2 protein chains.
Amino acid sequence: MKVFKIGGNVVDCPEALESFCREFAAIEGPKVLVHGGGVVANQIQKALGQEPVKIAGRRVTDGETLKVVTMVYAGWCNKNITALLQREGCNAIGLSGCDANAICASRRAPLLIDGQEIDFGAVGDVDAASVNTDLFESLCSAGLTPVVCAINHDGKGNLLNTNADTIASSIAVALKAELVYCFEKNGVLMDRDDEDSVIRRMDPALFGELQKKGIIADGMIPKVQNAFKALREGASSVVIRNSANLAKDGGTRFVL
Amino acid sequence: MKVFKIGGNVVDCPEALESFCREFAAIEGPKVLVHGGGVVANQIQKALGQEPVKIAGRRVTDGETLKVVTMVYAGWCNKNITALLQREGCNAIGLSGCDANAICASRRAPLLIDGQEIDFGAVGDVDAASVNTDLFESLCSAGLTPVVCAINHDGKGNLLNTNADTIASSIAVALKAELVYCFEKNGVLMDRDDEDSVIRRMDPALFGELQKKGIIADGMIPKVQNAFKALREGASSVVIRNSANLAKDGGTRFVL
């Protein structure tokens, strides 16, 4: 079983998405695709006159924001990807967490920030225990390919916005699957301007060393941390790689 | 097997929707719910500065309109209804036509109107042959309740906007199921201002007579025509009734 995650660089670009779907459809064996939402949600929010609110770097999901991300992720993105995969002969089925109770998230409790209690709204947290493994296994056994967005439910009738990277790792851990994070670079790079400088094999010691030297920095740090976490928790393998040329092996493979 | 259709009077009103979901969840046996979209799509279109275009009474679905209806019907409405049903213990699974190729529509050909060829855009037509009966039967056998919106695909990677009443009748015909059209009135009324004047049993002769007298008029005519059509094509029964008090028998039953 393989779990792929794609983000804005694919979802936001019709040509990249079509090409990805063609390559993804051709991959043999049971597989799951998890997608993020990209910039469309921001565009719609802006067009509707909504002002995205962030506190301490985290997005607050109020009722209007939840409406927009549900419309964009679960509606527009999820159904477009599913329709494109159907065209390529891949029997895709789009899922939000509420569908057949695929993923049940828990609403994030308010956080104390600078002595003030901040409610982040309709934001959910998930882990491997949130994943309905029976459902994913039976869909895959029936020849279907789940296409999962990051909109989930809490089992109490509420939708929650969650993190697509975490959805992907939770599914991979729950299914003991191979996890493939696809993004716009060829992998974790020794030189961020040189796409040929991919680090093929990454263990925690190397990560510590490269982080100290500033070679792995900024947004790459949580990506690598997530990769190790998924591996420790039970994903059978974890790779970070380019979303293009899926048929070609490549990227950074994580080992413990 | 029972197929229920709800429209704007339920989908647009949170209290009505919660109450409907509670009653629908309690109905025993295999069932399918088809929903329309209501006024939310119009609100979003307006907020985005889009001007709904109608030609000869039919809505033209251009690319921007398709985006909005997909976001609203397949995203916001479909996932909210599914999450509410999950809360009530009904194992609902939201579906657009592209999901597992549930319904494959054909794009409506341009029409000649006043000597001009009019392209209605991303509008699809469906009939019973468009419905993946194996899928609906296997989902229901697995204890799942499909919740279907009127966004479909053409198998060529394109999404199409279709008519929710026709989706409901096509599914009912394909599955030889009971079809229940729910709306804001108690059924077809002899006196449109008296909810107690429900016509319990309607055959084609009575329809002709009441239409001649003007008792059945306006928007009620296509509803009744659709009901007879579904029955002729193979739905096991057809009822038009109020969306409230589902447990209570009622409404207008059609016979040939």
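This is a predicted model: local features need pLDDT of at least 70, side-chain atom pairs count only at pLDDT 80 or more; totals for chains, interfaces and linings use all residues.
User: Which residues line the largest cavity, and how many of them are charged?

Analyst: A search of the whole structure finds 1 cavity of 30 Å³ or more, and the largest cavity has a volume of about 30 Å³. Its lining is formed by Asp165(A), Tyr181(A), Lys223(A) and Asn226(A). Sorted by class, this lining holds 1 nonpolar and 1 polar residue, and the number of charged residues is 2.

User: How are α3(B) and α4(B) oriented to each other?

Analyst: In chain B, the axes of helix α3 (residues 40-47) and helix α4 (residues 63-87) come within 9 Å and cross at roughly 135°. Angles over 145 degrees count as roughly antiparallel and 65 to 115 as roughly perpendicular, and α3(B) and α4(B) are therefore oblique to each other.

User: Which residues of α4(A) make the contact with α3(A), and what is the handedness of the crossing?

Analyst: The axes of α3(A) (residues 40-47) and α4(A) (residues 63-87) come within 9 Å, crossing at roughly 135°. On the α3(A) side the contact is made by Val40(A), Ala41(A), Ile44(A) and Gln45(A), and the residues of the contact as a whole divide into 7 nonpolar, 2 polar and no charged. The α4(A) side consists of Thr65(A), Val68(A), Val69(A), Val72(A) and Tyr73(A), and the crossing is right-handed.

Notes:
Residues are numbered from 1 along each chain as its sequence is written. Chains are lettered from A and ligands numbered from 1 in the order in which they are written. Side-chain values use heavy atoms; hydrogens and water are left out. On a 1 Å grid over the protein atoms alone, a cavity is a set of points where a 1.4 Å probe fits but cannot get out, and a pocket is an open set with protein on both sides within 12 Å along at least five of seven lines; lining residues have an atom within 4 Å of a point. Grid points are joined across faces, edges and corners, and a volume is the space filled by probe spheres set on the points. Ala, Val, Leu, Ile, Met, Phe, Trp, Tyr, Cys and Pro count as nonpolar, Asp, Glu, Lys and Arg as charged, and the others, Gly among them, as polar. Axes are lines fitted to C-alpha atoms, for helices over the stretch in contact, and angles run from 0 to 180 degrees between N-to-C directions. Helices (H or I, at least four residues) and strands (E, at least two) are DSSP runs, numbered from the N terminus. Angles under 35 degrees count as roughly parallel, over 145 as roughly antiparallel, 65 to 115 as roughly perpendicular and the rest as oblique. A crossing is left-handed if the near helix is turned anticlockwise from the far one by less than a right angle, and right-handed if clockwise. Contact means heavy atoms within 4.5 Å.
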